[in-house]
Amino acid sequence: NSGFQTLIAPFVDVQTRYYYNFEKRKNKMKSTGGNSANFIAMRGLYTGGRIAGNVYYDENYAIAIGPTWGFQRKKRNFNLLFSTGPVYYFDLTGTNNWLPIYIELNLGYHLKKR
């Protein structure tokens with residue numbers, strides 16, 4: 001399908017990350033009380049069966065791989081993670097293609113202080 005696509009499904013997202021400019025941010029974090037880092041990564045994404053959305057695929061799963069750039073921020077109990085990059089997705093029936101922009105946005109809150 002073309003246009004805006006959505007999918008709600010169980011998934012496993014595995015990344016190997018390289019955090020850059022970390023020492024500079026570490027000094028800034030001490031003064032602001034937060035925690036942050038920028039990274040580049042290689043992503044492997046497994047998506048299980050569709051629960052809801054307008055994305056349909058032949059198998060009950062899909063696999064995607066690709067490079068990504070992102071950042072994570074933590075301030076007190078709040079977390080923010082954003083990453084983006086192209087991915088190549090496929091399944092065993094032969095369905096495959098490039099998705100030029102894959103976006104991930106995670107918002108979180110720690111209920112307990114560490």
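A polar contact is a pair of N or O atoms within 3.5 Å; within protein, one must be able to donate a hydrogen and the other to accept it. In this predicted model, the side chains of serine 83 and glutamate 104 are joined by such a contact, at 2.8 Å. A second polar contact, of 3.1 Å, runs from the side chain of serine 83 to that of arginine 43.

Serine 83 sits in strand E6. Its relative accessible area is 0%, so the residue is buried, the cut-off being under 20%. Beyond the neighbours within four places in sequence, serine 83 is in contact with Gln15, Phe39, Arg43, Thr68, Trp69, Gly70, Tyr102, Ile103 and Glu104.

Open space in the model was examined next. Rolling a probe the size of a water molecule over the atoms shows where empty space is left. The largest pocket holds about 1,100 Å³. Its lining comprises 32 residues. Gln5, Leu7, Val55, Leu99 and Tyr102 lie nearest the centre of this pocket. Tyr102 is also among the contacts of serine 83.

Several strands contribute to the lining. At least two residues each come from E1 (7-8), E2 (11-20), E3 (34-47), E5 (62-75), E6 (78-90) and E7 (96-109). Strand E7 gives the most, with 7 residues. By class, the lining of the largest pocket has 21 nonpolar residues, 8 polar and 3 charged.

Terms used. Residues numbered from 1 in each chain as written. Predicted model: local features only at pLDDT ≥ 70, side-chain atom pairs only at ≥ 80, totals over all residues. Heavy atoms only, no water. 1 Å grid on protein atoms, 1.4 Å probe; cavity = no way out; pocket = protein on both sides within 12 Å on 5 of 7 lines; lining within 4 Å. Points joined across faces, edges and corners; volume = space filled by probe spheres on them. Helix = DSSP H or I, 4+ residues; strand = E, 2+ residues; numbered from the N terminus. Nonpolar A, V, L, I, M, F, W, Y, C, P; charged D, E, K, R; others polar. Buried < 20%, exposed > 50% of the residue type's maximum accessible area, 1.4 Å probe, protein only. Contact = heavy atoms within 4.5 Å.
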